[in-house]
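Welcome, and thanks for taking a look. Here is a short briefing to read alongside the sequence and the structure.

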Amino acid sequence: MSAAVSATRRQQTISAWIFLAVPVALFAVFLLLPVLMAIGLSLTDYAVIGDFEWVGLDNYARIVDDPIFWVAVRNTALYTVLYVPAGLVVSLGTALLLNRSSRVSRVFRTLFYIPVVSSTVATAAIWFWLLNPQYGLLNAVLGWFGINGPAWLYESRWAMIAIVMMSVWAGFGANMIIYLGALQGVPGELVDAARVDGAGAFRVFWHVTLPAISRATFLILTLLLIAAFQVFDQAYVLTKGGPGNSTLTLVYYIYDRGFGRLEMGYASALSFVLFLAILVFSIANARVTGRENDR
Amino acid sequence: MSTLATAPVGTPAPTPTTVSTESRPPTARAVLGRTVWTLAVVLISVTTVMPLIWTLSTSLKPEGEILSSYLQLVPENPTLANYTALFTDGPFGRYLANSAIIALGGVATNLFFGGLAGYALAKLSFRGRGVVFSLFLGSMMVPGIITMVPTFLVLRRFPLVGGNDLFGEGGAGFINSYGAVLIPFAAGPFAVFFMRQFFQALPDELGDAARIDGASEFRIFWNIYLPLARAGLAVLGVLTFQAGWNSFLWPLIALNDPEMLTVQVGLAGYVNEYQTEYGPLLAGTILASLPVLIVFIFAQRYIIENFAHSGTK
């Protein structure tokens, strides 16, 4: 290597680290350090005020016996079980509808996407009005079909379902766009060949289209799962976890413990458990969906 | 389940038949398919757009009209009273200003530092490049919830800030200041990753030529590559603005002084389980959504296309 080249290289190395300095420092202070702190805090009874002690795995033992924790687990599981499949089906369904290159379908693409743009708080406020038992649009529409709508957010049986509906409405547009991108990559010859062989629309979809977009499905499933496990905004704004803890989600519970009651040691342990759950489900999803991708 | 929510689920079936028949002379089946398609997309559009229109219409109704004629789409006596009430009865103007500062500040820092770092990872050769890149990529997978409590403590105990001494005692640190929301997200891994992808698509030769002419690395970045990445910066800017403007949980935790609330946190306070005043709430909703909606309308083609690409790569 000539002297000039190695001088350029040294120059580039110095410049690169200067260019990277701020993001790397922020990474160290606001990601690496907090993750390590979370592990440490979860082993203490730190509560902001007063002294704190090392309590070993006591926090984790406490979680197992914490009935509210299990309520939050059940609620988050219910939300996930409803939201993930609904979010997947609606985004795929709408993408299939709009998978054609015409100006009309581009206009509808924009209209379908509009709920994504608003914040969860604004969306929640809109739905708070839509879901009003007496004056809400939803129950008015149900009334036209002779259905007597429930009190939604004020009934523990319906509150979570209402939050799921709102979340699907608010989020499907983004995943629809990902699916639209993937559908563009489905080889047209393959679809035509299958059709020539006499496959019906449903069989073409099931055996040709669906396998061809499995990478997008994997991505969307991962995004939906991670979002579902961390649902908070909607439950906070709409129901404050109620009625009767029926919409108390895990992140809500962590927020309440950590910042409502300032039990930050316990909250850290809770968040670590949630982190592990997200990790396990992400890996399981990668295994299951990933294996299909390899075929 | 409601008709609103299930409409999209039940409708996709007819598409595969309609897609391929476009160029042939219309058969009865094709006409039927087209009708069903139109009906379906119009119905879904109504469910996505109608709630916003209804919100706008309600926000323009006087107090007496909101509940009594709640199904009437056009207000009988339209008024801006709900909007003016937001500014006279509470610090809503302050909320909007706080959100604007946080969102625009986040755009500025993320574009600059994300651009610099993304450029370094894409165009400069140095040892450790792969490791740094993997760390940034990996950090995007870490859920925000795990760092929530410790990040609060780091900001609160930050030495020599907000009345703190060298050991982070005595004051509130960055808590209740713009820094609490701006600093942790000033150069997010997404910005670095996004800009790296963008710079990587640009040719190396431009920089090599300038280097021979003796230009400094920063000048090469600033004068040659950054102008070429304008489209990427625009998309990143819009996405960062939306994320900053719409963020909720972190501002809720880090800013609790009434004067420091963001518009999202302030708006959430208007939802009351027992006695919600829908007029101001929905007027606030419109104001809280307007900036991101306007940005979206101008940038929607780039945003949606960028989204489609990120999904297939």
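Predicted model: local features only at pLDDT ≥ 70, side-chain atom pairs only at ≥ 80, totals over all residues.

**Backbone features in chain A**

- A:Asn245 is not a glycine, yet its phi is positive, at about 65°.
- Most residues other than glycine have a negative phi, and most peptide bonds are trans.
- With a relative accessible area of 33%, A:Asn245 is partly exposed, because residues count as exposed over 50% and as buried under 20%.
- The loop between α11 (233–238) and α12 (250–260) of chain A also holds A:Pro243.
- A:Pro243 is joined to A:Gly242 by a cis peptide bond, with omega about -10°.

**A positive phi in chain B**

- B:Leu160 is another residue to look at: phi is near 65°, a positive value in a residue other than glycine.
- You will find B:Leu160 in the loop between α8 (144–156) and α9 (178–182) of chain B.
- Is B:Leu160 buried or exposed? At 60% relative accessibility, B:Leu160 counts as exposed.

**Salt bridges**

- A:Arg62 counts as partly exposed, at 38% relative accessibility.
- Another salt bridge links A:Arg261 with A:Asp256, and their closest N and O atoms are 3.0 Å apart.
- Both partners are partly exposed: A:Arg261 has a relative accessible area of 44%, and A:Asp256 is at 23% relative accessibility.
- In chain B, B:Asp208 forms a salt bridge with B:Arg211, where the closest N and O atoms are 3.2 Å apart.
- B:Asp208 and B:Arg211 are about one helical turn from each other, because they are three residues apart in helix α11 (residues 205–212) of chain B.
- B:Asp208 counts as partly exposed at 37% relative accessibility, whereas B:Arg211 is buried, with a relative accessible area of 17%.
- Shared partners also join salt bridges into one network, made of A:Arg62, A:Arg257 and A:Glu263.

**A negative surface patch**

- Which residues form the negative surface patch? They are A:Asp45, A:Asp51, A:Glu53 and A:Asp58.
- Of these, A:Asp51 is found in the loop between α1 (3–41) and α2 (58–64) of chain A.
- A:Asp51 is exposed, with a relative accessible area of 79%.

**A buried threonine**

- B:Thr58 lies in helix α3 (residues 28–59) of chain B.
- Its relative accessibility is 1%, so B:Thr58 counts as buried.
- What is B:Thr58 in contact with, leaving aside its neighbours within four places in sequence? The contacts are A:Trp129 from chain A, together with B:Ile66, B:Asn82 and B:Leu282 from chain B.

How values were computed
Residues numbered from 1 in each chain as written. Chains lettered and ligands numbered in written order. Heavy atoms only, no water. Helix = DSSP H or I, 4+ residues; strand = E, 2+ residues; numbered from the N terminus. Buried < 20%, exposed > 50% of the residue type's maximum accessible area, 1.4 Å probe, protein only. Contact = heavy atoms within 4.5 Å. Patch = residues over 30% accessible without salt bridge, like charges linked within 9 Å, V, L, I, M, F, W, Y side chains within 5 Å. Areas by Shrake-Rupley, 256 points an atom, 1.4 Å probe, with all protein chains shown as cover. Salt bridge = Lys/Arg side-chain N within 4 Å of Asp/Glu carboxyl O. Lys, Arg positive; Asp, Glu negative; His and termini not counted. Charge placed at Lys NZ, Arg CZ, Asp CG, Glu CD.
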